[in-house]
Amino acid sequence: MQKIEFVPRRTFLAHLVSSSAFVIGARAGAFDFNGATTAEMVSDADKAAWNPNVYLGIEPDGKVILIMHRSEMGTGSRSVLPVVLAEELDADWKRVTLEQAIGDPKYGSQNTDGSCSIRDFYDTFREAGATARIMLERAAAAKWNVPTSECKAQNHFVVHKSGKKLGFGELASLAKQQPVPKKEELKFKTAAEYRYVGKELPTADRDNLVNGKGIFGIDAIMPGMVYASIERSPVFGGKLKNFDDKDAKAVKGVLQTVTIPDLKGPTMFQPLGGVAVIANSTWAAAKGREKLKVEWSESPNAAYDSAKFKQSLLETVRKPQKVVRNVGDVDAEFAKAAKTHEAEYYAPHLAHAPMEPVAAVAEYKDGKVVCHANTQNPQAVQDTVAQALGIKKENVECHVTLLGGGFGRKSKPDYVAEAALLSKAVGKPVKVTWSREDDIRFDYYHTVAAMYMKAAIGANGKPTAWLQRVAYPSIGTTFNPTSTHAEAFEMMMGWNDVPFDIPNHRAENGPAKNHVRIGWLRSVANIYQAFAVSSFVDELANLAKRDSVEYLLDVLGAPRKIPFGKDYINHGKSLEQYPVDTGRMRNVIELAAEKSGWAKKKPTKGRALGIAAHRSFLTYVAVAVEVEVDNAGRVRIPQMDIAVDAGTIINPDRVKSQFEGAGVFGTSIALMSGITAKNGEIEQSNFHDYQVARMNEAPFQVNVHVIKSDAPPAGVGEPGVPPVAPAICNAIAAATGKRIRELPIRRQLA
Amino acid sequence: MIKLKVNGVTRQHDGDPDMPLLWYLRDELDLKGAKFGCGMGLCGACTVHLNGKPVRSCSTPVSAAANAQVTTIEGLSTDGTHPVQVAWQELDVPQCGYCQAGQIMSACALLAKNPKPNDADIDTAMNGNLCRCGTYLRVRAAIHKAAELTASNATKPATKPAAKSASGAGANLLPRNGGKK
């Protein structure tokens, strides 16, 4: 089995760039590894009568236990990935039990992030199911003394051609004796044979969620636990100078205070440090915290001011910067062009604001930690808690609850380390629940970015040269304080892979420093990079007085596969398997336009359609959106049509729901969400000033059109987000003539 | 001492009367269905019924519930067969599911007052319930569906739940509509 070494920066990059190493690990783990890491870390599947691989156990009564090693935060991974295994096993869903895995490297990557649960584990789960099925068929053949070719698994039985049959449970102990087949011996079902894949199956947790019985991180309890509320430096990097807890301790229910050490070295997933109030209820802890008097040392980030920082980013992108992609000679073309067009764009920090704030309960005892957390990455919990407490990773047992949203925030387990450190200090299990104010003011923020765009305009208004320059504090700063430029995985997200057919094309990236923790948020760098690219191409269409869809298709060029070089990392997948295919991009654009009624609905004053398309997480998405702008400058979105090509689809309904949600998430980004800092402090604190779309602000209707494809599965959770904001802005430009170049829109149209 | 009825059971609270009803329900009574989202009545995740009216329990002190009837998602039905829950199941509304108890409690309160709401009525009534996953479309559709179910149940002699509540995960994953589509 392949061990995943904890080298924070590399592990982190590896997950965003490529999970292929982990998949190999998972495969090795699935078929060569028959034990658990430690005696305590044994799943029900491991303990089953037959445990052919880490994801599957079969009991003599026919109960099939499927391990879900990825986290469920609403994207449907718990409901979708196990179906892949059960399908190839030919199990009966009614007899399947799902078991949520604890953090353990034997499962391969558990970092539920980067829209990769299906694409990185599809083959592994198919192989895991098909392997067990062959072994069951061979076991039945041996028992009946007939050729295996006469035996076939069918809905939880192996059936002989004569009609006699044996249940999976009856065969489990015999199948266990069978040699494990080689990969070449595996046979997979054809699409026509599928009973579950491609069907709209209900979600695994549906009934618990509508009955209020789902257990989230905030709901997890441990016997004898106490509650903590933590005061942190309002400016990132401020250190604890002194504090007075007399009044806090006088609050009824408050038990004690504990200091959490200042953050040292690279930010990573370490706790921020601060003063914790420990109490016998959530409420008492919060009230006690209000009475704390804390003084912080001045931080080097105390001058962080979003208005000034915006200007510095814009100045950076007005000057030549590091070239990250170069085709032809942009400067020569600009020099001889009769006409050029340029524009600057800006997008602010965002907070993740999952409806459930981060929460964990942990107990430290005898050098070991047991914790329950709403984490996207239980192995990172093991690493982070182990590092914070100076214990071994194997001594951290992390149970994963349901997650009330994640969006990338819950990949960073600083809050679990807080709970573990506090438990060690007070000698009891400790529950840490962040308030909404904590969540908004101490996030790992989506970064702030400025973009400069310039094009030389040729015949028919088409660009003959295109320059795009961007600057933002990179996610790399969270792992390496000396980081200056964007990481390769950030450039991959819609910056060095713009698939336009332009003879002279240069992409650049300038430096920027971070003053807050920077993290990844649903669709990451694609958000601002797609905003600039998809807005600017529409500006050029407007300038040429051409139809936006027709112009976009023209600039995209003929259907072709673009041979990007080695700098283009394509989410760790080969360009042979997952090409950048402008033909598939054209298809989604044409489909979204058609379904939106593009050809018939011509813009009128205050009402128009807009289009944007973007490939991210290996998925092609086009958004056609209709907006209405009233005389007061308020934007209403009656309809959004999203066309998606995500390759092979397991559950079409969950794909639809993810893109419906992306339409709303993208609308928040376009219309109202933004985080700003002044004197180093975040100015927003709750949903009144960090606004996200409500029902009447969200698109009234989102129609999702999924293209049928047998291409390998691609991402679903994130790729719907990037094209939404530029599509809205393009529609606004068509409806009002006003070009939005800064997000969020808020009152810009008033 | 504060006396109140929660889901039909009489309870008494001897602690801080200012404690929000939400934390009383969650920490003291171990009713975890109502969720914390903001602490300021801005997001609706904590919505429960106080004498049948929807309230944000995060910003309602326990003292405000003295001698009152409180209904939480756990008290809505014993088996998930309230028409609103059935409609929610049929349309598979939840994504992460965290805000859904609050959405359902707001939806029930709306339908109790207005059995056949139009889109505008729904938008107005549900505006205080945030969903970061963006399930609003299905929430609206499910409210219309629940209104239909309630109306058709009222005309039938015996009511029958439209979606069966299932126990195990596998049982939940049976194809909807008999697998057709």
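Q: How many residues of domain 1 of chain B are in contact with residues of domain 2 of chain B?
A: This is a predicted model, where local features need pLDDT of at least 70 and side-chain atom pairs count only at pLDDT 80 or more, while totals for chains, interfaces and linings use all residues. Residues are numbered from 1 along each chain as its sequence is written, and chains are lettered from A, with ligands numbered from 1, in the order in which they are written. Two residues are in contact if their C-beta atoms, placed from the backbone, lie within 7 Å. Domain 2 of chain B gives 12 residues to this contact, and domain 1 of chain B gives 15 residues.

Q: Which element gives the most to the side of domain 1 of chain B that touches domain 2 of chain B?
A: Strands here are DSSP runs (E, at least two residues) and helices are DSSP runs (H or I, at least four), numbered from the N terminus. Strand S3 (47-50) and strand S4 (53-56) of chain B each give two or more residues to that side. With three residues, the one that gives the most is S3(B).

Q: What distance separates the centres of the two domains of chain B?
A: Chain B is divided into domain 1 (2-74) and domain 2 (83-160), with bounds from an automatic or database domain assignment. Taken over C-alpha atoms, the centres of domain 1 and domain 2 of chain B are separated by 21 Å.

Q: Which helix gives the largest share of the side of chain A that touches chain B?
A: The contact takes 57 residues from chain A and 56 residues from chain B. Among the elements giving two or more residues to the chain A side are helix H9 (282-290) and helix H19 (652-671). The largest share, seven residues, comes from H19(A).
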